[in-house]
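Open the model in a viewer and keep the selection panel at hand. The stops below say what to select and what is there.

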Number of protein chains: 2
Amino acid sequence: MTHLSPISRAACIGGGVIGGGWIARFLLAGIDVTVFDPHPEAQRIVGEVLANAERAYGLLTNAPLPPRGQLRFCASLAEAVADAEWVQESVPERLDLKRRVLAQIDAAAPPDALLGSSTSGLKPSDLQEGLAHPERLFVAHPYNPVYLLPLVEIVGGQATAPATIARAKTVLDAIGMKGVVIAREIEAFVGDRLLEALWREALWLIKDDICDVETLDDVIRYSFGLRWAQMGLFQTYRIAGGEAGMRHFLAQFGPCLQWPWTKLTDVVDLDETLVEKIGAQSDAQAAGLSIRELERIRDENLVGIVQALKAGNGGEGWGAGRLLADFERRLQAKAEPAIAIDVEAPLALVETRVSPAWIDYNGHMTEHRYLQVFGDATDALLRLIGVDLAYVEGGHSYYTVETHLRHLGEAKLGETLRATCQILASDDKRLHLFHRLFAGPDGREIATAEHMLLHVDTHAGRATPAPAELLSRLAPLAGAHARLPAPPAAGRAVGQKRAPLAATA
Amino acid sequence: MTHLSPISRAACIGGGVIGGGWIARFLLAGIDVTVFDPHPEAQRIVGEVLANAERAYGLLTNAPLPPRGQLRFCASLAEAVADAEWVQESVPERLDLKRRVLAQIDAAAPPDALLGSSTSGLKPSDLQEGLAHPERLFVAHPYNPVYLLPLVEIVGGQATAPATIARAKTVLDAIGMKGVVIAREIEAFVGDRLLEALWREALWLIKDDICDVETLDDVIRYSFGLRWAQMGLFQTYRIAGGEAGMRHFLAQFGPCLQWPWTKLTDVVDLDETLVEKIGAQSDAQAAGLSIRELERIRDENLVGIVQALKAGNGGEGWGAGRLLADFERRLQAKAEPAIAIDVEAPLALVETRVSPAWIDYNGHMTEHRYLQVFGDATDALLRLIGVDLAYVEGGHSYYTVETHLRHLGEAKLGETLRATCQILASDDKRLHLFHRLFAGPDGREIATAEHMLLHVDTHAGRATPAPAELLSRLAPLAGAHARLPAPPAAGRAVGQKRAPLAATA
């Protein structure tokens, strides 16, 4: 298996919520990570972030992730960075502290190691002062939760080499993140500039009793928040401007900016009274949900939103969903040569996990999601014999014409699922398959699926013999599977024999 | 059928993009709408918004919408408002114009008609001046696209009666929108205050060449935009603050606000040079996609995001998704008494449309979505015989134990689908069904599904006889269906007979 990422060793200095998120991103991309954080609870905190990240990734994608990197906590900063190709600094947001830590990293890390800072506001030029190798320092500013939100703002300082920016972007793109390069450094870069503007206005609205925090949050999440998950400010208003265009929209909009609407010119005094007011309103809004529960809801919603965007734009994906689809294609391409095929047993082709969107009101996996997993198993078999995207684009494919499902048990949110495939029979046009689905660590069998597929000319819309090359890949598998015992449940019609009683909704 | 909404007649004065969105919301909720707009192309523009809205609603929900209200364009404002219970003003954003139009509405509408203004910034007290019935005027500020984004800011002025606010909120909630009441009027209310703060900062970032519009949009949509589709500012940072809590987060955050990060104290000069710069960057960002194409992508993404949120929070729904789920439950409850059952033919139980998320890379409906629609048909039959949410919560349900699918054709994005159900056999525990799925205006048959269901005690996890009351509702249907011809495809095993060649992916 070739490596997913151009680097294989990263060091993380500081392992809080942000540092932990970086650690998770690196490990899940197959990169080994060394960590230095003197906080006595660093291992626990990193462990919790990592557990959240693995759960979220399990829900987010079924693509074959590389083997997880090795995680090692080090007793000193120097030990952690000694062998690193990328060092990410995520210590508290104080210039003096960051400068001191960065100087230590600079002295101990290999001179060509990339050196990223997670600062959300400090200018990289200010961080570079006094470094022996300032050319490899840059800001890599991520967003919480780092393991799910793909954005990283890449900002160079006066001494940063252009090659550093290019290398950083290459690594981030390879591990499924979205590195965007900010053209000129300013404090707070782009994202936090926008957020701070919003925050200032929001604090005034609460202080002046225009609304409470729940109303303000509702205003965001029932309106422009839904737009911003997919398009930003400018593209959204390009549409709002209609056929007249962006320039016309701006010309109309300009005068409003002169109106004395905002109180942004003043800085709100965030005194004890205002902090307490917001704190109390926030408690009421949470309605008893703990931070852990809110975090779980947030992550599952993020997974659902990204998956919805992946299905968008006519199936090509859009925004964060397109990014995920591209990442999965790369994972797929990297993984395929590594599949170990044992032709003497049903093929284990799919391993996945029950996603939040798959759950019905009973807390069980919904009926049609079983067929989705079986469909993924069929697709994996087809890829194995050469029916990939290029083959389909060439005008041929296998179509499923008939399916028989048996439900034998239930699956719950987050449970692992494993599907196996046995080829019952095949000829030049037909492919007769039997899948079994197993759930949980005990691998209990929860469903079976029998499928008949036909090889078709997709333009003509009719069955046609598969080419010899494809059949030659199918033959050894089909031949070996012909020697396996036939599943007793194959060939049955609905109601032919009394169905088992343990069943699912 | 009882009415979904407490009002049955609305008038819309001004039928642009916003007015058209209101018209669509009212009509789709079964409310008759009269329109006055002197613009020569008003009918075309409203027609286009309405077509977008119907398409979006078709993708958004399968719940039974009430019969669409009647739309009538009027030759005068007085005629349009004469009989209205809610008049919505959506004319251009100029105080003098709005005052003149509101005075005309006030004089011609019934004195107890609600009078909402779509203004995005003017204070309702300023709009009330000189009205004979100022107590019924309020701001009802929606967000584009009005037919998909649920938020309406409800703002009262000095003369607005509290009962007006309450009535407005009741109507909006009934038609599936999210009315939030802003406690005190200020110019631009809450949403546009926040947006304007962001806009000011964004324009400086572009003018100062910190980034281009695509980078700025990417910063939003790959990071906090994904958060804001589900939670707003405060709830998001409540989580970011971790177990230390909101007050701790604010205490840490406060000092940053004092830093001289933003240029909000200055108003950017949106001169020709800046307009042209943004216009050119926006053209590049659109990458050749027309406004119509971007609009379609946006709407399909919004549908996908809302549906993802509907599946969130363990199936209970979250934010805009919870709102949709609640709305659908009300639609379901209203519609059921109206279902006309013809027991002498297979039951037509489901009418839906192929949603964007159902499409595979070939542009066809994905395999497992067929089973989803068949599952909906099974659920509709079960509701008909009394297996509703309360019944399931009581500890009994029907579980599907076996399914046989045949694929006969394909379905494309947006096509209508209709599923019929024939009861093949039943006893006190078993229910044997045969569904057929028809697509498009020609109603071509694209799939069939044969199912075996068992009545189960869900706590004990085993089959148990259904209660007499339920069986007595099933009996007349099953008896009538027993006299229908048996479908030739029933009772077949996979591969038993050569499958038809026209098939689907």
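**Stop 1: a histidine in a loop**

Select His364(B), which sits in the loop of chain B between β9 (347-353) and α15 (367-384). The model is a predicted one. Is His364(B) buried or exposed? With a relative accessible area of 10%, under the 20% limit, His364(B) is buried.

Now show the side chain of Glu410(B): the side chain of His364(B) makes a polar contact with it, at 3.2 Å. Then display the rest of the surroundings. Setting aside neighbours within four places in sequence, the residues in contact with His364(B) are Trp358(B), Ile359(B), Glu410(B), Ala411(B) and Lys412(B), together with Tyr399(A).

**Stop 2: the nonpolar cores**

Move to Trp86(A), Leu216(A), Trp86(B) and Leu216(B), the residues with the most contacts inside the largest nonpolar core. That core has 230 residues. In soluble globular proteins, nonpolar side chains tend to be buried together.

Centre on Trp86(B) and show what surrounds it. Which residues is Trp86(B) in contact with, leaving aside its neighbours within four places in sequence? They include the aromatic residues Trp22(B), Phe26(B) and Phe138(B). Also among them are Ile7(B), Leu114(B), Val171(B) and Leu172(B), as well as Arg9(B).

Another core, of 58 residues, lies apart from the largest one. To find it, select Val392(B), Leu431(B), Ile446(B) and Leu477(B), which are among its members.

**Stop 3**

Over all chains, the structure holds 17 aromatic pairs. Select Trp199(A) and Phe234(B) for one of them: the pair is edge-to-face, 5.3 Å centre to centre, with 80° between the planes. Trp199(A) belongs to helix α7 (residues 191-207) of chain A and Phe234(B) to helix α10 (residues 233-240) of chain B, so this pair joins two chains.

Next select Trp228(A) and Trp228(B). Their ring centres are 5.9 Å apart and their planes are at 35°, so the pair is tilted. Trp228(A) lies in helix α9 (residues 224-228) of chain A and Trp228(B) in helix α9 (residues 224-228) of chain B, so this pair too joins two chains. Both Trp228(A) and Trp228(B) are buried.

Methods:
Residues numbered from 1 in each chain as written. Chains lettered and ligands numbered in written order. Predicted model: local features only at pLDDT ≥ 70, side-chain atom pairs only at ≥ 80, totals over all residues. Heavy atoms only, no water. Core = buried A, V, L, I, M, F, W, Y, C linked by side-chain atoms within 4.5 Å. Buried < 20%, exposed > 50% of the residue type's maximum accessible area, 1.4 Å probe, protein only. Contact = heavy atoms within 4.5 Å. Helix = DSSP H or I, 4+ residues; strand = E, 2+ residues; numbered from the N terminus. Polar contact = N/O pair within 3.5 Å; in protein donor to acceptor, adjacent residues only side chain to side chain. Phe/Tyr/Trp six-rings, centres within 6.5 Å; stacked < 30°, edge-to-face > 60°.
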